[in-house]
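This report describes how the chains of a protein assembly meet and which local features stand out. Please read it alongside the sequence and the coordinates.

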Amino acid sequence: MSDVLDRPDAGAGFAVVGTRPVRPDGFDKVTGRAAFGADLVMPGMLTGRIKRSPHAHARILGIDARKALALPGVKAVVTGADFPDLASELVEGGEAASNMRDLAVNVMARDKALYEGHAVAAVAAISPAIAEAALDLIEVTYEPLPHVIDVEAAMAPDAPLLHAHLFTEGLESRPTLPSNIAKKHQFVRGDVDAALAAAEVTVEGRYTTKAVHQGYIEPHACVAAMSPDGQCQVWSSSQGHFMVRTYCAKVLALDISDIRVTPAEIGGGFGGKTTVYLEPVALALSRAAGAPVKLVMSRDEVFRATGPTSGGVIEVKLGATRDGTITAAEVTLKFQAGAFPGSPVGTACMTALACYDVPNFRIVGWDVVTNSPKVAAYRAPGAPISAFGVESAVDQLARKLGADPIELRAKNGARNGLKAPYGPTFQAIGYQETLQALKDHPNYAVPLGPNQGRGVAVGFWFNVGGESTAAVHVGEDGTATVVTGNPDIGGSRASMAIMAAEVLGVAAEDVRPVVADTASIGYSMLTGGSRTTFATGMAVVRAAEKVVDELKRRAAGIWSVPVEQVAWQGGKAICLDPAKGDTPPLTLKGLAGQSARTGGPISAEVSLNAQGAGPGFAAHLCDVEVDPETGHVKVLRYTAAQDVGRAIHPAYVEGQMQGGVAQGVGWALNEEYIFDAEGRMENAGFLDYRVPVASDLPMIDTVMVEVPNPRHPFGAKGVGEAPIVPPLAAVASAVSQAIGVRMADLPLSPPKIRAAIDAKGA
Amino acid sequence: MAQFDYVAPTSVEDAVKALVAAPAAKAMAGGTDLIVQMRAGRAKPATVVDLKRIPGAIGVRRAPDGGFIIGAATAGAVIGEDAALARAWPGVVEAANLIGSTQVQGRASLGGNLCNASPAADSVPALIAARATCVIVGPAGRREAAVETIQAGPGRTSLQPGEFVLELRLPPRPSHASDAYQRLIPRTEMDIAVVGVGVNLVLDADGRIAEAHVALGAVAPSTLLVAEAGAALVGGPLDEAALQRLDAAAQAACRPISDKRGTAEYRTQIAGVLARRVARIAYDRAKANA
Amino acid sequence: MSKIHVTTTVNGDLAEFLTDPQTTLLDALRDALGLTGSKEGCGSGDCGACSVLVDGRLVCSCLVLAAEAEGRRIETIEGMAKGGELHPLQQKFLEHAALQCGFCTPGLLVAAKALLDANPDPTEEETRYWLAGNLCRCTGYDKVIRAVLDAAAEMRQARRAA
């Protein structure tokens, strides 16, 4: 099922780290007791609903809410007029910086509707039925405009223009005319044109992907209450309640200290809940109605009105020597940003060649607005898309050279000391070990039968550190709580408890993790960027270490020895002073019981901005079988190897790898946003937006390679995002091998595959 | 969902009265199509008439002539549990059991599948190939009609105001007879059929095909009973020549659309592919049925 | 339109509530009865997060009208554990780390229990097809299937021992 390969210098011998205790929130989650965003009820709560544009692009000429307000049971209606107009301002809150003006307009339209589903008004009423009826009574007068969704069509000079204020950034000189091209990104090294011209072997390809949604099963949901004195309570499921606080404050021009956000359990995010859609609207409704408001999206709204990730075009040209040294790479990316600038094309550029040592490259990325929902982060944002193109081209190169696809990547692979394409120098990375682990896996030797194909692909994600706060409190009976401000989206609570327990020298069950609200713990950046185990874990460890220092001081006082003569081992203070003879150790429980007498409560809080996050390298292997008559693809085997640094809780690390693989397989085979001629989404539900179901997948084999990160107390590296990067190309290359035709346009639905087989035979 | 009145009559007469009383009344069996449509605003009945408490609407029983009578509101899961029905009509049963997930199978019915009148309904090709009939009740009394006559186009039936389907009937089975159904979907489960094919064969004692019925789903506004495809099989064993004739006849009959689930060209190709595969399965089953 | 009075049994207890005709069983369970363990993931029967048993039959509660619960026997996730004692499936889900965010977990557990009640010794393939109506976006299903098969084995063992 899964292997954990320790490197010789891993220095294992942990008591708790690396074990698999049952997660602390497990009982609530398997009994239905855990409270998610839509589960909260507050006294006097109203139901909110949002009215959304039916047009992909339209001027809003007027909104008349009088009939809606007159309906008995309706307590408030808000529109764009109830929200302040913000200046353009970049604020760090999500995984990247967000423009507050754009965020605010996305939350509630002002003079234009920019995509089908764009919020134009909202209502609060005493029952869902009345709120529903009131929506129909809000009269919105639109002037429909031509729309554009395809990224290359949006780049054309005569394309319908979304924003008159948008002038392309990143060009040599600022253009005189606005366009839909928000920004050009460029990364250059060496002389790629000369290197390509001189290359003995070249490979060229054009690859395309469609917009896909994160697909979390829990729709966005919140309950918000603003009291007449302006104090706000928000309960919502998000990937960062401090982010929710920041964004609500900005969008509504409130003081941060007047907003208290409590995190509900979150039913999946994958980046899609690193922003806000509902909370500011619920607060505005609550203010107008004078009562708490619950606002929950339907599945239809989730698809039409929350960010998928970009669809994109990837053009790749590779140059190599005949013996398989890649000398040149040119990558051009064009990404849909949706209605506002900010596609992940920048990170896609930065990661595109990160697994390779290429002396000459030019990577260009275009961020292009389109009349579709504003894209949101989706697990390693941008990287899967550029990796699809690059890895497909590398696979084509391997075929052309007759080279083994893993060996070709190892030969040209990133290693310690290499300067990454995006700047920093790699240290303590485990990429070569990961490739080797994949090559050694028994699945790589399984012989293939007719109509079967094998694909190999690799992937990279930086992982981030950032600001986190953690507190450790010791109770009077010696049990402890570890308090953080990061919503638990994948089992991180268990890892926090494990790390604190390891430092304190107690069992994981004796440390209870708590995710506290924004008023009860210091600031934390959100749960994303694969940062929580790394950065918040670091804060947890430092806080636990401070607690241990304090415990040692208490013991030193009790024994009247200098604190240097006290050691902490196995959850006990040990007296090292030879003069004190056989002093029995003092346990954590014993010290806690005397804490009032020895100086007061034992507690520590640490805030930090974690540096030194270790990047994630993944190498995947996918075997498929294609039915040549129907084009139907069956995934036979999938093997995911990854450098995880140190698996704090191995089962949850495996889970991250398997989950990322499943999303990547869906992205490759069946998922896509389908728009009709009017720019309306045709498949805004789980019937026709086809995520993988249990019968679509085999068991997913994982190999966790541990090359510890020296910058983390236990060697942890982020693990959550790298697993989604390779599958698009791994699946596509496997299908291409099975049918003998390169498949370059995702998703690989059966009709496309059958057509490719027919064209080959023709 | 828009508001409506809900009634659950306990007799055919009361159900007919309820359907006639409100012009915008709709019958509901399992609700797995109707509730979805009401929630999406595509159906706005003033009254929903729940058929499930009417005697005879739920259950599988034998007719005196050895055929089967299936209550129109019987859930697919219940149909799948009837061993005798599965032995005699494995194609009808597997088609019924392909409608939706296990959860949907707990509710979805043959009557609902037929009267929802989606061109891609899974059970309809198998029922038509089986030459199944419906017992329809209404203001004018009781009548029986072939299943294919109920279809009037996407989302429309030939039922008159106040009528609903109470039962589906399958004829008695001779020896050396069996049926099969397959559909093509992009995933392995949970999808609407891109193409569905039902084949029903009766063989003589020497393994020659004496009777053949082939029905195609999702390739036309309604499920097609393709006489030429059946005729292509009759007279001999299921050899390659017969399969080729079948394939060609199936493809020739297709009048599909291109939509988000498949192109017209693809649907036509797959109709031929599935016809071959389903005919083979029905043939092997029929030969094994003494 | 006047409300309908429904009398039903939920997890063995008598339950009564008033409902609008158009309210689904899912909304009645969550709002009228405060049983929020069943979740709405899609409202159209495509995700299984709302799975319950009605008269022993696995269904999506978002596709059942609350009014149809009259006289029926409803079982939800809240009835799966007996007091503080988890059902073997619940225990195995925890041991195998078969949940990450936990949102789909109640529906998966109810569906898995229905599987093992009908088929105590399912194969991996049978388990995957039975659970195809329960979407999970976090786990890739691997640990879920392992947990179900392990629970099935343990329950068969317990039956033999009994």
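Buried area is the accessible area, taken with a 1.4 Å probe, that two parts lose on being put together, summed over both. By this definition, chain C and chain A bury about 3900 Å² between them, with 60% of it on carbon and sulfur atoms. On the side of chain C, Leu94(C), Gln100(C) and Arg137(C) lose the most area to chain A, and together they account for 21% of what that side buries.

The model is a predicted one, in which local features need pLDDT of at least 70 and side-chain atom pairs count only at pLDDT 80 or more, while totals for chains, interfaces and linings use all residues. Residues are numbered from 1 along each chain as its sequence is written, chains are lettered from A and ligands numbered from 1 in the order in which they are written, and side-chain values use heavy atoms, with hydrogens and water left out.

| Interface | Residues in contact | Buried area |
|---|---|---|
| Chain C and chain A | 43 residues from chain C, 52 residues from chain A | about 3900 Å² |
| Chain A and chain B | 21 residues of chain A, 18 residues of chain B | about 1900 Å² |

Of the area buried between chain A and chain B, carbon and sulfur atoms give 52%. Four salt bridges (a side-chain nitrogen of Lys or Arg within 4 Å of a carboxyl oxygen of Asp or Glu) are found across the interface of chain A and chain B, and four are likewise found across that of chain C and chain A. Glu629(A) pairs with Arg277(B) at 2.7 Å, N to O, whereas Arg30(C) pairs with Asp39(A), with the closest N and O atoms 2.8 Å apart.

Over all chains the structure holds 78 salt bridges. Within chain A, Lys210(A) forms one with Glu672(A), the closest N and O atoms being 3.8 Å apart. Lys210(A) lies in the loop between β11 (201-209) and β12 (221-226), and Glu672(A) in the loop between α18 (650-669) and β29 (700-706), so the pair ties together parts of chain A that are 462 residues apart in sequence. Helices (H or I, at least four residues) and strands (E, at least two) are DSSP runs, numbered from the N terminus.

Two backbone features also lie in loops. A cis peptide bond, with omega of about -5°, joins Leu746(A) and Pro747(A), and Pro747(A) lies between α19 (727-739) and α20 (750-761) of chain A. Ala218(B), although not a glycine, has a positive phi of about 70°, and Ala218(B) is placed in the loop between β11 (209-217) and β12 (224-225) of chain B.

Terms used:
Contact means heavy atoms within 4.5 Å.
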